[in-house]
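Open the model in your viewer and keep the sequence panel beside it. This tour tells you what to select at each stop and what you will find there.

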Amino acid sequence: MKISATFTLLSIFILPLCSTPTFSQSTSKSKIEEAYRQFEKDPALKNGTVSLTVLNANTGEPIFQQNQQVGLATASTMKIITAATAFDILGKDFKFKTNLYYTGSIQAGGVLHGDIIIEGSGDPTLGSNRYPESQEEQLLNKWIYTIQSAGIKEIQGRIIGDDSRYGGYQVPGGWIWSDIGNYYGAGISSLNWRENAVGVVFNPNSTIGKPATIEKLTADLSYLKIVNEVSTGKNGSGDNVYAYSGPYASNIYIRGTYGLDLKKTIEISVPDPAYDVAFQLSKALSHVGIKTAEPPSNGKAIASTNIAKQLLDTHESPDLANIIYWFNQKSINLYGEALVKAIAYQTAQKTETNEGTSLIQKYWENKLQISSSELNNQDGSGLSPQNRVTTAAMAKIMQYAQSQSWFPEFYKSLPEYNNMKMKSGTINGALGYTGIHQNSSGEKFTFALLINNYSGSSSAMRNRMFTLLDVLK
């Protein structure tokens, strides 16, 4: 009787404590379900599709799921999948290397009878102003110093930007024409430069509808023809400027309107970044008195991969953790495509985007049993409207990340919206958020929310999505 009484007494105190997590999760589930039901009644979603997955971040158990197995366009929420894959496969300390070579021989008087070659391995940060060690001026000065230190005073050849590793400059399949001429639609090669973009500074006309002239470019692109068809928009109309070009184009057309009161540098993509870096180095060498006999070129000028080369310099990129920080913080599409290519090349010596995305699919199928129909990724950035991913797959990968050694760097890379750490995504007709959040009660959630084919403004829909996600706070 004494033992039985003791067990009964302890049960009074222990059982409620044991049931607290279940009660808390049950409470969260009912709140989330109620908030979701209110959200899906929104008239803006009448013809749309909404998918929400919320997991217990401590256990990985589902708390709420709706349409979790429906593949939807992801927009930039795709970046968290690319980032997690890159961290897991390449490692957070991975660095790209860019080599500077010369061919031929250096003769009396410092005359190089050969070429200077900048050989790329896919570094998306080369020439980027986000990293002090990778800035354009810094790199050009280092390369000039290196060439001078080798005793080269004249080049009886040319500067070659070698982008041959990935077969030249490419745009992932499925990207649309109105994107690829702009900075966010810049293509990818093994020799990227200045994030494959250039800034255009406009001078609007005082009369609405009249041409907005180009005041300057942020880099010398005098080797290209830029056709400016931009007109001046009314006050408050903002940036409606779009550039149109493609890989290796010699003409860039810029169209649309630039608001009368707008103070913004418009960024457009560069059609041949390998040529551009060769052009910029050739020009910089000329300024210090080192002339080249022939005009600069891209990797197509290299007839054989077995050509004898002498190493002058090796530039290392920032480590992967720093690359992924800016990749997610500023949603740089180029970085996503560079990571997909790097994954393909490092794991299987493959170079095509579709080979990289296929490897990513197989990786997560083996790792987490996510089928390719749940993770039908066409690129690494989410810019392709053909991407189709389920929120169940996205949340599962986000959940996996939390148990990995690289998670602190991954978590740091996530932007903050609505006082929650999460990655956003926006393309025409698609919005998404995926992240990790711990509320004031100590509950921690992993979540993914995707919406396709909504009506109305994107800003209004974002606010409604924030209201829904507020239930996790």
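Start by selecting residues 49–56 and 62–66. These are strands S1 and S2, which run antiparallel and are joined by four bridges. Strands here are DSSP runs (E, at least two residues), helices are runs of H or I with at least four, and both are numbered from the N terminus. Two strands pair if DSSP finds at least two bridges between them. Click Leu-55: its bridge partner in S2 is Pro-62. S1 and S2 form a hairpin with five residues between them. In that turn, Gly-60 has a positive phi of about 85°.

Before moving on, note that this is a predicted model: local features need pLDDT of at least 70, side-chain atom pairs count only at pLDDT 80 or more, and totals for chains, interfaces and linings use all residues. Residues are numbered from 1 along each chain as its sequence is written, and side-chain values use heavy atoms, with hydrogens and water left out.

**The whole chain**

Zoom out. The protein chain holds 11 helices and 23 strands. Its C-alpha trace spans about 105 × 60 × 35 Å along the principal axes. Of its 473 residues, 52% count as buried. Buried means under 20% relative accessible area, exposed means over 50%, and partly exposed lies in between (1.4 Å probe, protein chains only). Now consider contacts, meaning heavy atoms within 4.5 Å. Among contacts with a separation of 6 or more, 70% come from residues 24 or more positions apart.

**From Leu-55 to helix H9**

How far apart are Lys-396 and Leu-55 in sequence and in space? They are separated by 341 residues in sequence and by 8.4 Å in space, C-alpha to C-alpha. Lys-396 is found in helix H9. Lys-396 touches Leu-55, Leu-368 and Ile-370, leaving aside residues up to four places away in sequence. With a relative accessible area of 37%, Lys-396 is partly exposed.

**H2 against H9**

Select residues 78–90 for helix H2 and 391–401 for H9. Their axes come within 10 Å and cross at roughly 40°. Axes are lines fitted to C-alpha atoms, for helices over the stretch in contact, and angles run from 0 to 180 degrees between N-to-C directions. H2 and H9 are therefore oblique to each other. The scale is this: under 35 degrees is roughly parallel, over 145 roughly antiparallel, 65 to 115 roughly perpendicular, and the rest oblique.

Show side chains. On H2, look for Met-78, Ile-80, Ile-81, Ala-84 and Asp-88. They meet Met-394, Ile-397, Met-398 and Tyr-400 of H9. By class, this contact has eight nonpolar residues, no polar ones and one charged. Nonpolar covers Ala, Val, Leu, Ile, Met, Phe, Trp, Tyr, Cys and Pro; charged covers Asp, Glu, Lys and Arg; the others, Gly among them, are polar.

**H7 against H8**

Next, select 333–348 and 353–368. Helices H7 and H8 pack at an angle of about 75°, with their axes 8 Å apart. They are therefore roughly perpendicular to each other. The H7 side of the contact includes Glu-337, Val-340 and Lys-341. Residues on the H8 side include Thr-353, Leu-359 and Ile-360. This contact has six nonpolar, four polar and three charged residues.

**A three-stranded sheet**

Which strand order does the open sheet have? The order is S11-S13-S12, with mixed pairing. S11 (225–233) and S12 (239–244) are the edge strands, each pairing on one side only. The twist averages 10° from one strand to the next. S11 and S13 (residues 251–259) pair in the parallel sense over nine bridges. Lys-225 has Asn-251 in S13 as its bridge partner.

Select 430–438. Strand S22 is mostly covered, with eight of its nine residues buried. Thr-426 stands opposite Leu-431 in S22. Two residues lie between these strands in the hairpin, where Gly-429 takes a positive phi near 80°.

S22 and S23 pair in the antiparallel sense over nine bridges. Gly-435 stands opposite Phe-447 in S23. Five residues separate S22 and S23 in their hairpin, and Gly-442 in the turn has a positive phi of about 90°.
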